[in-house]
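The sequence and the structure are shown first, and the description follows.

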Amino acid sequence: MIGDWYTRNHTALRTTLDNGKDLGIPDGVLINGKGPYQYNATLVPSGIEYNQIDVDPGKTYRIRVHNVGISTSLNFRIQNHNLKAGRNRGSLHTTNKLHQF
């Protein structure tokens, strides 16, 4: 599961929405509820556990990705790898090689 992550707590986010305002760009992305990776020491404090998937070269892996973000459309990619999407929104479709989905 991938989702957007905000440094503000849920009551601050709710107040923003109740006032008719947009939440803005998220501060990061969570994968399986972990993370974000410390891409910026100012925004992301050290010591946060993040997700890492170890793979073996030459093997094929099936990864199920669900976007559980509250306001953001998230793309998923694995750097320097082609991906094949087997289903999109629960529907089978012609398999295409993709760089991201």
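Helices (H or I, at least four residues) and strands (E, at least two) are DSSP runs, numbered from the N terminus. On that basis the protein has 1 helix and 6 strands, and from the N terminus on, its elements follow the order β-α-β-β-β-β-β. This is a predicted model, in which local features need pLDDT of at least 70 and side-chain atom pairs count only at pLDDT 80 or more, while totals for chains, interfaces and linings use all residues. Residues are numbered from 1 along each chain as its sequence is written, and side-chain values use heavy atoms, with hydrogens and water left out.

**Confidence and burial**

The pLDDT is the predictor's confidence in each residue, from 0 to 100. Its mean over the protein is 80, and 83% of the residues reach 70 or more. Confidence is highest in H1, at 94, and lowest in strand S5 (residues 91-92), at a mean of 58. Where pLDDT is low, the predicted coordinates should not be read in detail.

Of the 101 residues in the protein, 18% are buried.

**Salt bridges**

Side chains of opposite charge can pair when their charged atoms come close. A salt bridge is taken here as a side-chain nitrogen of Lys or Arg within 4 Å of a carboxyl oxygen of Asp or Glu. The search of the whole structure finds 3 salt bridges, which are listed below.

| Pair | N to O distance |
|---|---|
| Asp 18 and Arg 14 | 3.4 Å |
| Glu 49 and Lys 34 | 3.2 Å |
| Lys 59 and Asp 56 | 3.6 Å |

Asp 18 and Arg 14 both belong to helix H1 (residues 10-18), where they are 4 residues apart, about one turn of the helix. Asp 18 counts as exposed because its relative accessibility is 56%, and Arg 14 is likewise exposed, with a relative accessible area of 56%.

The salt bridge of Glu 49 with Lys 34 has its closest N and O atoms 3.2 Å apart. This pair links distant parts of the chain, with Glu 49 and Lys 34 placed 15 residues apart in the loop between strand S2 (28-31) and strand S3 (83-84). Glu 49 has 54% relative accessibility and therefore counts as exposed, whereas Lys 34, at 31%, counts as partly exposed.

In the remaining pair, Lys 59 is exposed, with a relative accessible area of 54%, and Asp 56 is partly exposed at 42% relative accessibility.

Asp 4 lies in strand S1 (residues 2-5). Its relative accessibility is 11%, so Asp 4 counts as buried. Charges are assigned by residue type: Lys and Arg count as positive and Asp and Glu as negative, while His and the chain ends are not counted. Asp 4 has no salt bridge, and the nearest side chain of opposite charge, that of Arg 8, is 9.5 Å away. The side chain of Asp 4 does reach the backbone nitrogen of Ile 70, at 3.0 Å. Asp 4 and Gly 28 are 24 residues apart in sequence, yet their C-alpha atoms are 6.1 Å apart in space.

**The loop between S2 and S3**

Asn 32 is placed in the loop between S2 and S3. Its phi is near 55°, a positive value in a residue other than glycine. Asn 32 is partly exposed, at 49% relative accessibility.

Tyr 50 is found in the loop between S2 and S3 and is partly exposed, with a relative accessible area of 39%. Tyr 50 and Pro 36 are 14 residues apart in sequence and 5.9 Å apart in space, C-alpha to C-alpha.

Ile 78 also lies in the loop between S2 and S3, and its relative accessibility of 31% makes it partly exposed. Together with Ile 53, Val 55, Tyr 61 and Ile 63, Ile 78 makes a nonpolar surface patch of about 450 Å². Patches are made of residues with over 30% relative accessible area and no salt bridge; like charges are joined within 9 Å, and nonpolar side chains (Val, Leu, Ile, Met, Phe, Trp, Tyr) within 5 Å. Accessible areas come from the Shrake-Rupley method with a 1.4 Å probe, and for residues only the protein chains shown count as cover.

Conventions: Buried < 20%, exposed > 50% of the residue type's maximum accessible area, 1.4 Å probe, protein only. Polar contact = N/O pair within 3.5 Å; in protein donor to acceptor, adjacent residues only side chain to side chain.
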